[in-house]
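This briefing goes through selected features of one protein model, grouped by topic. Please keep the sequence and the 3D view open while reading.

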Amino acid sequence: MKKGVLFTGFFAFFLGFFFSRLPSFGQSNPYQITPTLQEAYADVFKLKVTSARALLQKEKNTGLQKAFAVYVEDYADMVTLLVSDEKRLFEQLSPNQDKRLAFLEELPPSSPYQRLYQAEIRLHWAFIKLKFGKEVSACWDIIKAYRLLEENAKKYPDFISTYKSLGMLHVLIGSAPQNYQWVTKLLGLRGNIPQGMREIKAIIQKDKLFGPEARLVELLLHAYILTYTEPQNAALLGFVNGEKDNLLLHFFGTTISMKDGRGEQALKLLNQRPVGSGYLAFPFLEYLKGEILLQKGQYDEARTHLKRFLAQYKGQNYLKDTHLKLFLSHWLEGEEAVAMPYLERVLTVGTSYVEADKFAEKFAKSFRKKEVSGQQKALMKARLAFDGGYLQEAASALKPYQETFFTTLYDKAEFHYRWGRTLQRQNRPDSSIVHYERAIALSQAQSLYFGATSALQLGYMYQAKGNNAKAIYHFKQALNYPKHEYKNSVDNKARAALTLLGVE
């Protein structure tokens, strides 16, 4: 099932991984980067956090504390918290943010690295706080980070390192939903998608040290905000396969592949990931494997990995969704009695911060109210198969039925939306348009999310045909749906598309 990876959970995760080694100064300079610190950073980037911390301790024993060491320490805290998702650990490590910012504040402000590190540490903790439901504090950290980077760009316009995160923020702010734009303008946050992408691309082309991180930024923005096509996918595979010992890149390769409905590719990358005690424990990878196997209809194997995730995981997110997946693995096989205890647990475990958990909770409540009928089994099978890129299986799940088989507007709208998505991915755009238009018509009375997502896809299809007038109409139509489960992600994509079409 689709998850807002991304923007509260998964999107927050990737933003912290884009700084690496910086040029060295003289031995007495607090901004010096030593070979030991470079090695420590490289280990964190691979999720080898234990060895990175040992290297940082070794560096401390040599004397002067370096700014980059503080940055790498913070980086290590961030990946540990975002991977583990442990609330107790979050409370234990939270004071480190103020300590590190205070240390950087005392360093010479004449260097652009001071503001750079301050901004990055604020971004680290913003993403951590989003993960743990501290949205207000996280927003202020992002605002302060943006202003630090803007100040750096004005004072040191040729200091290219600034533009990696600033470029990313320009894209993200530029794609903010229309109902949030007055807030960004009021706070002085200026977004510009083309500018941001140019800034990121300039680093890829000009900076050998920062190029790899900028490549990752570019791929993630295409996957979660813009459009993801075959050239981006080829670049992703080349990137991941070029660093076989990098667990972080295998994780991103897996999630981007899943986001784009490439289940077999995701499964291959997941199975090829590096393993060993030197890497940070990452039980979420078991969850991902379970999800892919559920999409394939391999229910027994899916349950094995989902249960393994629950046994190893100490966090708070994706618990509701995991129990929903366990429910589905039995329910779709007609094992209602075995399935029901998992559905009941959806309402009692975990939190509802990420979209997947919100959907799981809503589904469980609807099921309890008898608003979910057995008719939805066909739709759920089609949804799961499509999400994994198993298009023939998705079509087979839908083919025996017509709209009249379904009794509720919700099911009728979903039926047409699932057909539209499947036909579109099978390169049959003209056939899919009819289903999307019907899904929109059925969704309007209850403002169902199928209408918004159908309008978004129609926008992309007409944009590809060169019919910008119709594309703009449908992107605006997608934005006009009030609150629904996927409003943030749909609005982000529609706003980004309109911006690139020259519509403010």
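Is glutamate 344 buried, partly exposed or exposed? With a relative accessibility of 35%, glutamate 344 counts as partly exposed; buried means under 20% relative accessible area, exposed means over 50%, and partly exposed lies in between (1.4 Å probe, protein chains only).

This is a predicted model, in which local features need pLDDT of at least 70 and side-chain atom pairs count only at pLDDT 80 or more, while totals for chains, interfaces and linings use all residues. Residues are numbered from 1 along each chain as its sequence is written, and side-chain values use heavy atoms, with hydrogens and water left out. Helices (H or I, at least four residues) and strands (E, at least two) are DSSP runs, numbered from the N terminus.

**Salt bridges**

- A search of the whole structure finds 26 salt bridges, a salt bridge being a side-chain nitrogen of Lys or Arg within 4 Å of a carboxyl oxygen of Asp or Glu.
- Side chains of opposite charge can pair when their charged atoms come close.
- Glutamate 344 forms one with arginine 368, and their closest N and O atoms are 2.7 Å apart. This pair links distant parts of the chain, since glutamate 344 is in helix α19 (residues 336–346) and arginine 368 is in helix α20 (residues 355–368), 24 residues apart.
- Arginine 368 has a relative accessible area of 53%, so this residue is exposed.
- Arginine 438 forms a salt bridge with glutamate 403, with 2.9 Å between the closest N and O atoms. Because arginine 438 lies in helix α24 (residues 429–443) and glutamate 403 in the loop between α22 (391–398) and α23 (409–425), the pair ties together parts that are 35 residues apart in sequence.
- Arginine 438 is partly exposed, at 34% relative accessible area, whereas glutamate 403 is buried, at 19%.
- Arg53, Asp74, Asp77 and Arg100 are linked in a network of salt bridges.

**Helix α23**

- α23 has 17 residues and reaches 24 Å from its first C-alpha to its last, close to the 24 Å expected at 1.5 Å a residue. The expected span of a helix is 1.5 Å times one less than its number of residues.
- Of the 17 residues of α23, 14 are buried, and the helix is mostly covered.
- Within α23, the side chains of arginine 418 and glutamate 414 meet in a salt bridge (3.1 Å, N to O).
- Arginine 418 and glutamate 414 are separated by about one helical turn because they are four residues apart in the helix.
- An α-helix has 3.6 residues a turn, so residues three or four places apart point the same way.
- Arginine 418 is buried at 7% relative accessibility, and glutamate 414 is buried at 6%.

**Helix α16 and its surroundings**

- Helix α16 (residues 284–296) has 13 residues and spans 19 Å from its first C-alpha to its last, close to the 18 Å expected at 1.5 Å a residue.
- Twelve of the 13 residues of α16 are buried, so the helix is largely enclosed by the rest of the structure. Among them are Phe284, Tyr287, Lys289 and Glu291.
- These buried residues pack against α14 (247–259), α15 (263–271), α17 (299–312), α18 (319–331) and α21 (376–387).
- Glycine 297 follows α16 and has a positive phi, near 85°.

**Helices α14 and α15**

- The axes of α14 and α15 come within 8 Å and cross at roughly 165°. Axes are lines fitted to C-alpha atoms, for helices over the stretch in contact, and angles run from 0 to 180 degrees between N-to-C directions.
- α14 and α15 are therefore roughly antiparallel to each other, the label for angles over 145 degrees.
- The contact (heavy atoms within 4.5 Å) is made by His250, Gly253, Thr254, Ser257 and Met258 of α14 and Gln265, Ala266, Leu269 and Leu270 of α15.

**Positive phi in loops**

- Tyrosine 318, in the loop between α17 and α18, has a positive phi near 70° and is a residue other than glycine. At 3% relative accessibility, tyrosine 318 counts as buried.
- Serine 447 lies in the loop between α24 and α25 (449–465), and its phi is also positive, near 50°. Serine 447 counts as buried at 17% relative accessibility.

Methods. Parallel < 35°, antiparallel > 145°, perpendicular 65-115°, else oblique.
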